[in-house]
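Student: Could you take me through this model feature by feature, giving the general idea of each one before the case at hand?

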Amino acid sequence: MSQELKYNEPWILQRADPYVYKHTDGTYYFTASVPAYDRIVLRRSRTLAGLAQAEEVTIWEKHEKGILSEHIWAPELHYLDGKWYVYFAGGDVDDVWAIRPYVLECMGEDPLTAKWEERGKMGRADEDEFSFEAFSLDATVFENNGKRYYVWAEKVGVGKQISNLYIGEMESPCKLRTVQVLLTTPDYDWERVGFWVNEGPAVIHHNGKIYLTFSASETGADYCMGMLTASEDADLLDPRSWEKDRYPVIRTDASRSIYGPGHNSFTEDEEGNPIMVYHARTEEKIEGNPLYNPNRHAMLMKIRWDERTGRPVFSYE
């Protein structure tokens, strides 16, 4: 008996920053931040629905000390140049907010059973003096017109730290070719609740356009998702190529007990229909520090395309 997908309700419990990858053979993979922030896990299933009950395998665990010993966050699984890679962020037990982006490379063909090797911190371009020197996380990778791009969040400024999104073209799976380019900074009030935040980028293509969603504000009920749009034929390293929506594309809906939706990824179901994977809470009041409350659950949303504009439509309906 096949499992039925349910939408906009908890799908995989206590898995924040969910990421689903559909491989070239149709197999689905799932990874996410675990509440202890101490490891990287993978699940695999022949169906999207099957991921909910699939065995969860730990492929890597944090160090006891030094870098990569605290706050293991937001892993993403990518298959690049015939190899598996995981992009994620981690801190240092002696400096827990020294969050930086790192790369794991799989030494075999089966990412659940083969050995994974640490490739270290993501490499910046040779002439880039700034990238990954401050709080950096939430990297994603996408391809367009034969080029591969890396998008991530990094904090800047003195006093009130501001989390911006940056983009760079990749030279290899572990290094950037170009100097960072600022994509978006928290401009609007809905991006500035509690903290000034743009983070959690995710990309989906449709009809010659690139739609890049991101998450904004603190991680409670005010967490929400914004979106940037660019043409696939544009210079993606030119900030003017990207248009930012004035308002969030999805936000809390108390009537449905969906609070703080965000940090999404995109995949498709077995029929090729677009699906957004995101996390949200089911209670408005958070016990303790929101960062360490485990009750952010992975959920699914059907995406449709607006017939007039071609834009993705995000709806709880």
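Tutor: Let us begin with strand pairing, where two strands pair if DSSP finds at least two bridges between them; here the bridge partner of V86 in β7 is L104. Strands such as this one are DSSP runs of E with at least two residues, while helices are runs of H or I with at least four, and the elements are numbered from the N terminus. The model is a predicted one, in which local features need pLDDT of at least 70 and side-chain atom pairs count only at pLDDT 80 or more, whereas totals for chains, interfaces and linings use all residues. Residues are numbered from 1 along each chain as its sequence is written, and side-chain values use heavy atoms, with hydrogens and water left out.

Student: How many residues of β6 are buried?

Tutor: A residue is buried under 20% relative accessible area, exposed over 50% and partly exposed in between, using a 1.4 Å probe and protein chains only. In β6 (residues 83-92), 9 of the 10 residues are buried.

Student: Which residues touch the most other members of the largest nonpolar core?

Tutor: A nonpolar core is a set of buried Ala, Val, Leu, Ile, Met, Phe, Trp, Tyr and Cys residues joined through side-chain atoms within 4.5 Å. The largest one has 27 residues, of which W73, F142, I167, L183, L212 and W242 touch the most other members. Among the elements that each supply at least two residues of this core are β5, β9 and β10 (147-156), while its largest share, 4 residues, comes from β15. A second, separate core of 19 residues includes Y19, L77, Y102 and C106.

Student: What is V20 in contact with, and why does V20 count as buried?

Tutor: Contact means heavy atoms within 4.5 Å. Leaving aside neighbours within four places in sequence, V20 is in contact with residues including W11, Y28, F30, L48, F266 and V277. V20 lies in β1 and counts as buried because its relative accessibility is 1%.

Student: Which residues are closest to the centre of the largest pocket?

Tutor: On a 1 Å grid over the protein atoms alone, a pocket is an open set of points with protein on both sides within 12 Å along at least five of seven lines, and lining residues have an atom within 4 Å of a point. The largest pocket has a volume of about 660 Å³, and of its 24 lining residues the closest to the centre are Y19, Y21, V203, F266 and T267. Its lining divides into 13 nonpolar, 8 polar and 3 charged residues.

Student: Which residues lie nearest the centre of the second largest pocket?

Tutor: The second largest pocket holds about 570 Å³ of space, and of its 23 lining residues W73, F195, E199, T219 and L291 lie nearest its centre. The elements giving two or more residues to that lining are β5, β9 and β14.

Key: 1 Å grid on protein atoms, 1.4 Å probe; cavity = no way out; pocket = protein on both sides within 12 Å on 5 of 7 lines; lining within 4 Å. Points joined across faces, edges and corners; volume = space filled by probe spheres on them. Nonpolar A, V, L, I, M, F, W, Y, C, P; charged D, E, K, R; others polar.
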